[in-house]
Amino acid sequence: MKIAMLGLKGIAYPGGVENFTEQVAWRLVERGHQVTVYVRPYVGDEENGDYRGIKIRKLPTVNTKHLDTITHTFLATVDALRSDVDLLHFHALGPAVFSFLPRLKGIKTVVQVHGLDWQREKWGKAARAFLRCGEYTAAHFPHRTLVISLALKQYFERKYHRPVDYVPNGVEPYQQRGPHEIRKWGLDRGNYILFLGRLVPEKGCHYLLKAFQEIEGPMKLVVAGDSSHSDDYVARLRQMASSKVVFTGFARGDFLEELFSNAYAYVLPSDVEGLPHSLLQALSFGKCVLASDIPANVEALGDCGVTFESGNIDDLKEKIRFLLRHPEFTLAQKEKSQARVREHYAWNEIVNRLEQIYLECLSR
């Protein structure tokens with residue numbers, strides 16, 4: 001098969017959509033398929049060429065908050081339609097708006113929904129209306145609609161009365177790393193709680209900082225992430241932070257693996273998620289996870305870790321205190337957490353499912 005993937009920023013780039021695309025694309029290439037991934041010109045150092053056997057295609061974009069995705073996806077769609085491609089795979093609601101174009105040419109089309117992006121606080125009324133339009137097109141225009149969580153599957157099938165396919169995020173088995181690079185931040189094994197994600201309001205980091213202000217003892221809080229068109233919000237977070245809070249910026253590679261490996265626990269206080277990759281990463285490292293009780297987090301967490309009432313700072317504070325008072329409970333989550341991701345979120349099984357959907361599309 002010749003497959004084109006559209007709607008992401010880059011390859012080897014932090015982000016749930018980007019990680020999903022990278023992990024499935026190189027595995028599809030290993031199975032003999034040709035995969036082209038369209039990326040933004042400002043992401044990564046690589047030029048047009050190959051990455052792990054994936055054909056990388058960089059195209060221009062209007063790099064602003066509201067025009068970046070729409071202009072890049074339109075140009076990528078037109079470019080893909082001019083090529084010898086069997087199937088286009090659009091990622092996310094915004095790019096889904098263009099999923100009718102390949103159908104006009106008789107090319108098989110798949111849209112994968114990674115979350116209800118119109119719920120994100122950073123978008124104004126016009127952008128939310130556009131994303132809701134993308135949700136409608138994702139449900140009606142492609143040959144197959146995919147979602148990354150069972151909660152999203154239930155949402156789409158109830159609202160649009162159409163079947164959708166569940167193809168979740170996956171996670172790799174990671175190598176445990178000792179504390180080396182993290183020591184320059186004053187961090188060591190087990191002396192910090194970790195938050196990792198984009199610093200945008202829906203990730204709920206402000207809840208965590210407010211709760212942590214009243215946590216007694218030497219435990220530190222690491223905030224690993226950076227702005228995503230949210231500089232004012234990041235500035236407010238830094239103003240709220242006590243001396244026990246460490247901001248590291250985006251974490252990737254060995255540094256990310258050190259942060260997860262040596263954290264006492266991982267906290268995800270988000271209001272909106274599709275299926276949080278960072279939570280799956282924490283489980284893969286065997287970390288005890290404390291997450292808000294929104295459906296996507298509860299689904300990913302299963303019976304591992306602890307939840308708190310979403311947006312309830314007092315409940316979050318008490319759950320953090322519980323984890324600090326009960327290290328035996330925190331440590332006991334390791335085997336259960338790692339077993340869960342092996343059973344439900346193994347990449348090879350996810351690629352098997354995706355490959356079968358592609359083949360069914362092309363056989364129709």
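Predicted model: local features only at pLDDT ≥ 70, side-chain atom pairs only at ≥ 80, totals over all residues.
Residues are numbered from 1 along each chain as its sequence is written, and side-chain values use heavy atoms, with hydrogens and water left out. Local features need pLDDT of at least 70 and side-chain atom pairs count only at pLDDT 80 or more, while totals for chains, interfaces and linings use all residues.

**Aromatic rings**

A pair of aromatic rings is described by the distance of the centres and the angle of the planes. Rings of Phe, Tyr and Trp (its six-membered ring) pair if their centres lie within 6.5 Å; planes under 30 degrees apart count as stacked, over 60 as edge-to-face and the rest as tilted. The structure holds 11 aromatic pairs. Among them is the tilted pair of Phe-74 and Phe-98, with 5.7 Å between the centres and 50° between the planes. Phe-74 belongs to helix α2 (residues 68–81) and Phe-98 to the loop between α3 (93–96) and α4 (100–104), so the pair links parts of the chain 24 residues apart. Helices (H or I, at least four residues) and strands (E, at least two) are DSSP runs, numbered from the N terminus.

The rings of Phe-100 and Phe-141 have centres 6.2 Å apart and planes at 75°, so this pair is edge-to-face. Phe-100 lies in helix α4 and Phe-141 in the loop between α5 (125–140) and β7 (144–147), which ties together parts 41 residues apart in sequence.

| Residue | Relative accessible area | Class |
|---|---|---|
| Phe-74 | 39% | partly exposed |
| Phe-98 | 11% | buried |
| Phe-100 | 35% | partly exposed |
| Phe-141 | 28% | partly exposed |

Elsewhere, ring pairs join Tyr-136, Tyr-155, Phe-156 and Tyr-160 into a cluster.

**Helices α1 and α14**

Helix α1 (residues 16–30) packs against helix α14 (residues 347–363) at an angle of about 75°, with the axes 10 Å apart. Axes are lines fitted to C-alpha atoms, for helices over the stretch in contact, and angles run from 0 to 180 degrees between N-to-C directions. The two helices are therefore roughly perpendicular (65 to 115 degrees; under 35 is roughly parallel, over 145 roughly antiparallel, and the rest oblique).

**Arg-144**

Arg-144 lies in strand β7 and, at 16% relative accessibility, counts as buried. Beyond its neighbours within four places in sequence, Arg-144 is in contact (heavy atoms within 4.5 Å) with residues including Thr-109, Asp-165 and Glu-360.

Definitions and conventions. Buried < 20%, exposed > 50% of the residue type's maximum accessible area, 1.4 Å probe, protein only.
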